[in-house]
Amino acid sequence: MAGRVRQRKTHLGFVLATAAAIAIPTAAPGVFAPPPVSAAPTTAAYQPVGPVRVADTRRTKCGCTRLNNSTVEVDISGHPNLPNDAVAVAITVTVTRTASPGYVTVYPAGTPRPFVSTLNTQVDRAVANSAIIPLEPNGRIALFQLVKGDVIVDVTGVFVAADAARSGRFVPVSGRRLVDTRRPGPGSGPLGRNQDLTVPLPAVVDPDATALVVNVTNVDDPAVSYLSARPAGQPATTTSFLNTGGWGQPVASATTIPVSPDGFTIRSSRGGNVIVDLLGWYTGPSAASSTDGLFVPITPQRIFDSRTRPGRLYAGGTIEIASPVTGAASLVTNVTLTQPDRRGYVTA
(Lines give C-alpha, C1' and ligand atoms only; values in the text may rest on other atoms or scores of the structure.)
Protein backbone atom coordinates (compact mmCIF):
# COMPACT_ATOMS: atom_id res chain seq x y z
CA MET A 1 0.00 0.00 0.00
CA ALA A 2 1.24 3.46 -0.84
CA GLY A 3 2.64 5.37 2.07
CA ARG A 4 3.17 2.27 4.25
CA VAL A 5 6.36 0.36 4.85
CA ARG A 6 6.27 -3.34 5.59
CA GLN A 7 8.21 -4.05 8.75
CA ARG A 8 10.05 -7.36 8.98
CA LYS A 9 10.69 -8.48 12.51
CA THR A 10 11.44 -11.74 14.25
CA HIS A 11 9.07 -13.01 16.91
CA LEU A 12 9.39 -16.08 19.08
CA GLY A 13 6.98 -17.75 21.45
CA PHE A 14 6.84 -20.73 23.78
CA VAL A 15 4.47 -23.27 22.25
CA LEU A 16 3.31 -26.52 23.78
CA ALA A 17 2.59 -28.44 20.59
CA THR A 18 0.42 -31.50 21.07
CA ALA A 19 0.83 -34.29 18.57
CA ALA A 20 -2.30 -35.85 17.12
CA ALA A 21 -0.86 -39.33 17.59
CA ILE A 22 1.51 -40.96 20.05
CA ALA A 23 4.26 -41.27 17.46
CA ILE A 24 4.83 -40.60 13.77
CA PRO A 25 7.45 -43.13 12.70
CA THR A 26 7.66 -42.13 9.06
CA ALA A 27 6.98 -38.99 7.07
CA ALA A 28 3.71 -38.88 5.21
CA PRO A 29 3.45 -36.89 1.97
CA GLY A 30 3.79 -33.20 2.80
CA VAL A 31 5.12 -33.88 6.31
CA PHE A 32 8.63 -32.69 7.20
CA ALA A 33 10.54 -35.41 9.07
CA PRO A 34 13.32 -34.01 11.29
CA PRO A 35 16.13 -36.29 12.44
CA PRO A 36 15.06 -38.47 15.39
CA VAL A 37 16.01 -37.27 18.86
CA SER A 38 17.32 -39.67 21.47
CA ALA A 39 15.47 -38.81 24.66
CA ALA A 40 17.15 -39.41 28.02
CA PRO A 41 15.54 -42.15 30.14
CA THR A 42 14.79 -39.65 32.93
CA THR A 43 11.10 -38.92 33.49
CA ALA A 44 10.01 -36.12 35.80
CA ALA A 45 6.94 -34.59 37.44
CA TYR A 46 6.19 -30.88 37.71
CA GLN A 47 6.25 -29.06 41.05
CA PRO A 48 4.84 -25.50 41.18
CA VAL A 49 7.09 -22.68 42.36
CA GLY A 50 6.21 -19.13 43.29
CA PRO A 51 6.58 -17.50 40.78
CA VAL A 52 9.96 -16.37 42.10
CA ARG A 53 12.70 -14.20 40.59
CA VAL A 54 16.07 -15.97 40.72
CA ALA A 55 18.34 -13.69 38.66
CA ASP A 56 18.44 -10.07 37.53
CA THR A 57 21.60 -8.57 36.03
CA ARG A 58 20.32 -5.05 36.80
CA ARG A 59 21.14 -5.76 40.44
CA THR A 60 24.62 -5.69 42.00
CA LYS A 61 23.96 -9.18 43.38
CA CYS A 62 22.43 -10.61 40.24
CA GLY A 63 21.85 -14.18 41.44
CA CYS A 64 24.10 -15.33 38.61
CA THR A 65 27.70 -15.90 37.64
CA ARG A 66 29.03 -14.00 34.62
CA LEU A 67 31.33 -16.24 32.58
CA ASN A 68 32.15 -13.62 29.93
CA ASN A 69 30.56 -10.66 28.14
CA SER A 70 27.93 -12.84 26.49
CA THR A 71 27.13 -15.68 28.93
CA VAL A 72 25.85 -15.95 32.49
CA GLU A 73 25.05 -19.01 34.58
CA VAL A 74 22.20 -19.33 37.10
CA ASP A 75 22.30 -21.95 39.86
CA ILE A 76 18.70 -23.21 39.97
CA SER A 77 19.16 -26.08 42.43
CA GLY A 78 21.26 -23.89 44.72
CA HIS A 79 18.52 -21.29 45.17
CA PRO A 80 17.06 -21.38 48.70
CA ASN A 81 13.45 -21.38 47.46
CA LEU A 82 13.89 -24.18 44.90
CA PRO A 83 14.32 -27.96 45.27
CA ASN A 84 17.91 -29.18 44.98
CA ASP A 85 16.98 -32.34 43.06
CA ALA A 86 15.31 -30.80 40.01
CA VAL A 87 16.22 -32.10 36.54
CA ALA A 88 14.52 -29.28 34.58
CA VAL A 89 13.04 -25.85 35.24
CA ALA A 90 10.10 -23.83 33.89
CA ILE A 91 11.32 -20.25 33.47
CA THR A 92 10.52 -16.93 31.93
CA VAL A 93 13.50 -15.01 30.53
CA THR A 94 13.20 -11.25 30.03
CA VAL A 95 15.82 -9.16 28.22
CA THR A 96 15.79 -5.37 28.18
CA ARG A 97 16.14 -3.36 24.97
CA THR A 98 19.31 -4.09 23.05
CA ALA A 99 21.39 -1.90 20.74
CA SER A 100 20.52 -4.13 17.77
CA PRO A 101 18.28 -7.16 17.20
CA GLY A 102 19.67 -10.35 18.68
CA TYR A 103 18.72 -13.57 20.40
CA VAL A 104 19.22 -15.47 23.64
CA THR A 105 19.93 -19.18 24.00
CA VAL A 106 19.22 -20.93 27.30
CA TYR A 107 20.69 -24.39 27.83
CA PRO A 108 22.12 -26.70 30.51
CA ALA A 109 25.31 -25.14 31.89
CA GLY A 110 28.57 -26.90 31.21
CA THR A 111 27.37 -28.37 27.91
CA PRO A 112 28.07 -27.16 24.36
CA ARG A 113 25.80 -24.27 23.40
CA PRO A 114 23.12 -25.61 21.06
CA PHE A 115 22.02 -23.96 17.81
CA VAL A 116 18.66 -22.76 19.13
CA SER A 117 17.05 -19.51 20.27
CA THR A 118 14.91 -19.05 23.36
CA LEU A 119 13.88 -15.48 22.60
CA ASN A 120 14.67 -12.71 20.12
CA THR A 121 15.63 -9.31 21.47
CA GLN A 122 14.43 -5.97 20.11
CA VAL A 123 15.77 -2.42 20.01
CA ASP A 124 12.44 -0.80 20.93
CA ARG A 125 11.22 -2.82 23.93
CA ALA A 126 12.00 -5.48 26.49
CA VAL A 127 11.12 -9.02 25.38
CA ALA A 128 10.05 -11.97 27.52
CA ASN A 129 9.57 -15.62 26.66
CA SER A 130 8.98 -18.79 28.66
CA ALA A 131 10.71 -22.13 28.25
CA ILE A 132 11.39 -25.44 29.98
CA ILE A 133 15.13 -26.07 30.20
CA PRO A 134 16.94 -29.23 31.37
CA LEU A 135 19.48 -28.76 34.17
CA GLU A 136 23.01 -30.09 34.17
CA PRO A 137 23.89 -32.46 37.07
CA ASN A 138 24.75 -29.55 39.40
CA GLY A 139 21.44 -27.83 38.68
CA ARG A 140 22.60 -24.86 36.60
CA ILE A 141 21.50 -23.22 33.36
CA ALA A 142 23.48 -20.94 31.04
CA LEU A 143 22.15 -17.94 29.11
CA PHE A 144 24.00 -16.74 26.01
CA GLN A 145 23.24 -13.33 24.45
CA LEU A 146 24.18 -12.40 20.90
CA VAL A 147 23.64 -8.70 21.73
CA LYS A 148 24.14 -7.52 25.30
CA GLY A 149 21.17 -6.50 27.43
CA ASP A 150 20.09 -6.99 31.02
CA VAL A 151 18.65 -10.45 31.72
CA ILE A 152 15.95 -11.39 34.23
CA VAL A 153 15.02 -15.00 35.06
CA ASP A 154 11.76 -15.95 36.82
CA VAL A 155 10.85 -19.51 37.81
CA THR A 156 7.29 -20.92 37.84
CA GLY A 157 8.09 -24.58 38.43
CA VAL A 158 10.65 -27.36 38.45
CA PHE A 159 10.62 -30.97 37.31
CA VAL A 160 11.80 -33.65 39.72
CA ALA A 161 12.67 -37.18 38.60
CA ALA A 162 9.84 -39.68 39.04
CA ASP A 163 9.07 -43.13 37.61
CA ALA A 164 5.35 -42.50 38.17
CA ALA A 165 3.38 -39.74 39.85
CA ARG A 166 -0.02 -38.49 40.88
CA SER A 167 0.75 -34.78 40.92
CA GLY A 168 2.65 -32.96 38.20
CA ARG A 169 1.70 -34.99 35.10
CA PHE A 170 0.85 -32.93 32.02
CA VAL A 171 -2.59 -33.23 30.45
CA PRO A 172 -2.74 -31.67 26.95
CA VAL A 173 -5.98 -30.15 25.66
CA SER A 174 -6.99 -28.82 22.28
CA GLY A 175 -6.39 -25.08 22.41
CA ARG A 176 -9.44 -23.28 23.80
CA ARG A 177 -10.08 -19.65 24.68
CA LEU A 178 -10.75 -18.93 28.34
CA VAL A 179 -10.85 -15.12 28.38
CA ASP A 180 -11.11 -12.29 25.88
CA THR A 181 -11.75 -8.92 27.50
CA ARG A 182 -12.60 -7.44 24.09
CA ARG A 183 -15.85 -9.45 24.02
CA PRO A 184 -19.02 -8.05 25.59
CA GLY A 185 -20.10 -9.57 28.89
CA PRO A 186 -19.34 -9.48 32.61
CA GLY A 187 -15.81 -8.38 33.31
CA SER A 188 -15.20 -7.26 29.73
CA GLY A 189 -13.20 -4.22 28.77
CA PRO A 190 -9.50 -3.41 29.02
CA LEU A 191 -7.67 -3.63 32.31
CA GLY A 192 -6.49 -0.46 33.99
CA ARG A 193 -3.16 0.38 35.59
CA ASN A 194 -2.09 -2.35 38.07
CA GLN A 195 -5.49 -4.02 37.68
CA ASP A 196 -5.98 -7.74 38.28
CA LEU A 197 -7.91 -10.27 36.22
CA THR A 198 -8.67 -13.59 37.94
CA VAL A 199 -9.29 -16.56 35.66
CA PRO A 200 -11.09 -19.50 37.34
CA LEU A 201 -10.12 -23.06 36.59
CA PRO A 202 -12.07 -24.27 33.53
CA ALA A 203 -14.35 -27.30 33.89
CA VAL A 204 -11.91 -29.52 31.98
CA VAL A 205 -9.26 -29.05 34.70
CA ASP A 206 -9.24 -30.93 38.02
CA PRO A 207 -9.95 -28.70 41.06
CA ASP A 208 -6.56 -29.55 42.60
CA ALA A 209 -4.50 -28.95 39.45
CA THR A 210 -1.05 -27.55 40.21
CA ALA A 211 -0.57 -25.34 37.14
CA LEU A 212 -1.98 -24.35 33.77
CA VAL A 213 -0.09 -23.86 30.53
CA VAL A 214 -1.67 -20.88 28.79
CA ASN A 215 -1.01 -18.50 25.93
CA VAL A 216 -1.70 -14.90 26.97
CA THR A 217 -2.03 -12.05 24.48
CA ASN A 218 -2.00 -8.37 25.46
CA VAL A 219 -3.74 -5.98 23.03
CA ASP A 220 -4.26 -2.21 22.96
CA ASP A 221 -1.73 -1.41 25.67
CA PRO A 222 -1.75 2.36 26.29
CA ALA A 223 1.91 2.47 27.36
CA VAL A 224 4.96 0.26 27.81
CA SER A 225 3.70 -2.46 30.11
CA TYR A 226 4.24 -5.94 31.50
CA LEU A 227 2.01 -8.74 32.75
CA SER A 228 2.58 -10.89 35.81
CA ALA A 229 0.69 -13.96 37.01
CA ARG A 230 0.23 -15.80 40.29
CA PRO A 231 -2.09 -18.36 41.91
CA ALA A 232 -5.44 -16.73 42.73
CA GLY A 233 -5.57 -15.49 46.32
CA GLN A 234 -1.83 -14.93 46.65
CA PRO A 235 -0.15 -11.49 46.89
CA ALA A 236 1.17 -9.84 43.74
CA THR A 237 4.73 -10.72 42.79
CA THR A 238 7.62 -8.79 41.25
CA THR A 239 7.91 -11.36 38.44
CA SER A 240 6.60 -11.05 34.88
CA PHE A 241 6.02 -13.19 31.81
CA LEU A 242 5.15 -10.72 29.01
CA ASN A 243 6.35 -7.25 27.99
CA THR A 244 4.63 -4.86 25.60
CA GLY A 245 5.91 -1.95 23.54
CA GLY A 246 3.20 0.61 24.31
CA TRP A 247 1.95 1.03 20.74
CA GLY A 248 -1.16 -1.15 21.03
CA GLN A 249 0.01 -4.07 18.91
CA PRO A 250 -0.77 -7.61 20.09
CA VAL A 251 2.04 -9.29 22.01
CA ALA A 252 1.66 -12.94 23.03
CA SER A 253 3.51 -15.20 25.43
CA ALA A 254 2.79 -18.76 26.51
CA THR A 255 3.77 -19.70 30.03
CA THR A 256 3.27 -22.14 32.88
CA ILE A 257 1.30 -20.57 35.75
CA PRO A 258 0.91 -22.21 39.19
CA VAL A 259 -2.74 -22.15 40.28
CA SER A 260 -4.92 -22.43 43.37
CA PRO A 261 -8.43 -23.98 43.48
CA ASP A 262 -9.69 -20.49 42.55
CA GLY A 263 -7.54 -20.34 39.41
CA PHE A 264 -4.88 -17.75 38.68
CA THR A 265 -4.61 -13.96 38.58
CA ILE A 266 -3.02 -11.81 35.89
CA ARG A 267 -1.93 -8.26 36.70
CA SER A 268 -1.26 -5.62 34.03
CA SER A 269 1.16 -2.86 34.99
CA ARG A 270 -0.31 -0.27 32.58
CA GLY A 271 -3.47 -1.87 31.19
CA GLY A 272 -4.91 -3.14 27.93
CA ASN A 273 -7.08 -6.01 26.71
CA VAL A 274 -6.09 -9.55 27.64
CA ILE A 275 -6.76 -12.83 25.82
CA VAL A 276 -6.07 -16.19 27.52
CA ASP A 277 -5.96 -19.53 25.68
CA LEU A 278 -5.59 -22.86 27.49
CA LEU A 279 -3.01 -25.36 26.16
CA GLY A 280 -2.90 -27.89 29.00
CA TRP A 281 -2.57 -28.43 32.73
CA TYR A 282 -0.68 -30.37 35.39
CA THR A 283 -2.40 -32.87 37.65
CA GLY A 284 -2.78 -32.58 41.43
CA PRO A 285 -2.57 -35.11 44.27
CA SER A 286 -6.05 -36.54 43.64
CA ALA A 287 -5.03 -37.95 40.24
CA ALA A 288 -4.22 -41.62 39.81
CA SER A 289 -0.57 -42.61 39.86
CA SER A 290 0.64 -43.04 36.30
CA THR A 291 3.52 -42.52 33.91
CA ASP A 292 1.30 -40.64 31.44
CA GLY A 293 2.24 -37.00 31.12
CA LEU A 294 5.63 -37.19 32.81
CA PHE A 295 8.23 -34.83 31.36
CA VAL A 296 11.32 -36.13 29.56
CA PRO A 297 14.10 -33.50 29.38
CA ILE A 298 16.22 -33.38 26.22
CA THR A 299 19.01 -31.07 25.14
CA PRO A 300 17.51 -28.06 23.31
CA GLN A 301 17.89 -28.53 19.56
CA ARG A 302 16.50 -27.16 16.31
CA ILE A 303 14.16 -29.55 14.50
CA PHE A 304 12.89 -27.36 11.64
CA ASP A 305 13.88 -24.19 9.76
CA SER A 306 11.91 -23.15 6.68
CA ARG A 307 14.80 -20.90 5.61
CA THR A 308 16.61 -24.06 4.57
CA ARG A 309 13.77 -26.41 3.66
CA PRO A 310 11.10 -26.62 2.41
CA GLY A 311 11.11 -22.86 1.85
CA ARG A 312 9.17 -19.78 2.88
CA LEU A 313 5.55 -20.14 4.01
CA TYR A 314 3.06 -17.62 2.71
CA ALA A 315 -0.22 -16.30 4.11
CA GLY A 316 -2.42 -19.23 5.09
CA GLY A 317 0.45 -21.67 4.56
CA THR A 318 0.83 -24.82 6.66
CA ILE A 319 3.69 -27.18 7.36
CA GLU A 320 3.38 -30.48 9.21
CA ILE A 321 6.36 -31.65 11.25
CA ALA A 322 6.69 -35.24 12.39
CA SER A 323 7.54 -35.78 16.04
CA PRO A 324 11.31 -36.22 16.44
CA VAL A 325 10.79 -38.18 19.68
CA THR A 326 9.31 -41.66 19.44
CA GLY A 327 6.46 -42.16 21.89
CA ALA A 328 5.95 -38.49 22.72
CA ALA A 329 2.38 -37.26 23.09
CA SER A 330 3.38 -33.59 23.43
CA LEU A 331 6.40 -31.46 22.63
CA VAL A 332 7.65 -28.31 24.33
CA THR A 333 8.87 -26.09 21.50
CA ASN A 334 9.78 -22.53 20.62
CA VAL A 335 8.43 -21.32 17.30
CA THR A 336 10.12 -18.32 15.68
CA LEU A 337 8.52 -16.30 12.89
CA THR A 338 10.92 -14.23 10.81
CA GLN A 339 10.39 -11.57 8.12
CA PRO A 340 6.56 -11.52 8.03
CA ASP A 341 5.01 -9.64 5.12
CA ARG A 342 2.40 -8.07 7.38
CA ARG A 343 0.85 -8.46 10.81
CA GLY A 344 -0.53 -11.91 11.51
CA TYR A 345 -0.34 -14.88 13.83
CA VAL A 346 0.83 -18.48 13.93
CA THR A 347 -1.20 -21.45 15.21
CA ALA A 348 0.53 -24.68 16.24
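Biologist: With which residue does the side chain of Asp-196 meet in a salt bridge?

Modeller: This is a predicted model, in which local features need pLDDT of at least 70 and side-chain atom pairs count only at pLDDT 80 or more, whereas totals for chains, interfaces and linings use all residues. Residues are numbered from 1 along each chain as its sequence is written, and side-chain values use heavy atoms, with hydrogens and water left out. A salt bridge requires a side-chain nitrogen of Lys or Arg within 4 Å of a carboxyl oxygen of Asp or Glu. Here the side chain of Asp-196 meets that of Arg-230, at 2.8 Å from N to O. The pair links distant parts of the chain, as Asp-196 belongs to strand β13 (residues 195–199) and Arg-230 to strand β15 (residues 226–231), 34 residues apart; strands are DSSP runs of E with at least two residues, numbered from the N terminus.

Biologist: Is Arg-230 buried or exposed?

Modeller: Buried means under 20% relative accessible area, exposed over 50%, and partly exposed in between, using a 1.4 Å probe and protein chains only. Arg-230 is buried, with a value of 7%, while Asp-196 is partly exposed at 29%.

Biologist: How many salt bridges does a search of the whole structure find?

Modeller: The search returns 13. In one of them, Arg-58 meets Asp-56 at 2.8 Å, N to O, and Asp-56 is buried, with a relative accessible area of 3%. Arg-307 forms another with Asp-305, their closest N and O atoms being 2.9 Å apart; Arg-307 is exposed at 60%, whereas Asp-305 is buried at 16%. There is also a network of salt bridges that links Arg-177, Asp-180, Arg-182, Arg-183 and Asp-277.

Biologist: In what order do the four strands of the open sheet stand?

Modeller: Two strands count as paired if DSSP finds at least two bridges between them. In this sheet the order is β13-β18-β15-β16, with antiparallel pairing. β13 and β16 (242–243) are at the edges and have a single partner strand each, so one side of each lacks a neighbour in the sheet. Further in, five bridges join β15 to the antiparallel strand β18 (residues 264–268), and the bridge partner of Arg-230 in β18 is Thr-265.

Biologist: Which residues lie nearest the centre of the largest cavity?

Modeller: On a 1 Å grid over the protein atoms alone, a cavity is a set of points where a 1.4 Å probe fits but cannot get out, a pocket is an open set with protein on both sides within 12 Å along at least five of seven lines, and lining residues have an atom within 4 Å of a point. The largest cavity is lined by 13 residues, and Pro-51, Thr-156, Ala-229, Thr-239 and Phe-241 lie nearest its centre. Its volume, the space filled by probe spheres set on grid points joined across faces, edges and corners, is about 70 Å³. Strand β17 (251–258) is among the elements that supply at least two lining residues, together with β11 (151–161) and β15, and β17 gives the most, with four.

Biologist: How much space lies in the second largest pocket?

Modeller: The second largest pocket holds about 350 Å³. Of its 21 lining residues, Arg-53, Arg-58, Tyr-226, Ser-240 and Asn-243 are the closest to the centre, and the elements giving two or more residues to this lining are β15 and β18.

Biologist: Over which residues does pLDDT stay under 50?

Modeller: pLDDT is the predictor's confidence in each residue, from 0 to 100. It stays under 50 over residues 1–29, although the protein has a mean of 86, with 88% of its residues at 70 or more.

How values were computed. Contact means heavy atoms within 4.5 Å.
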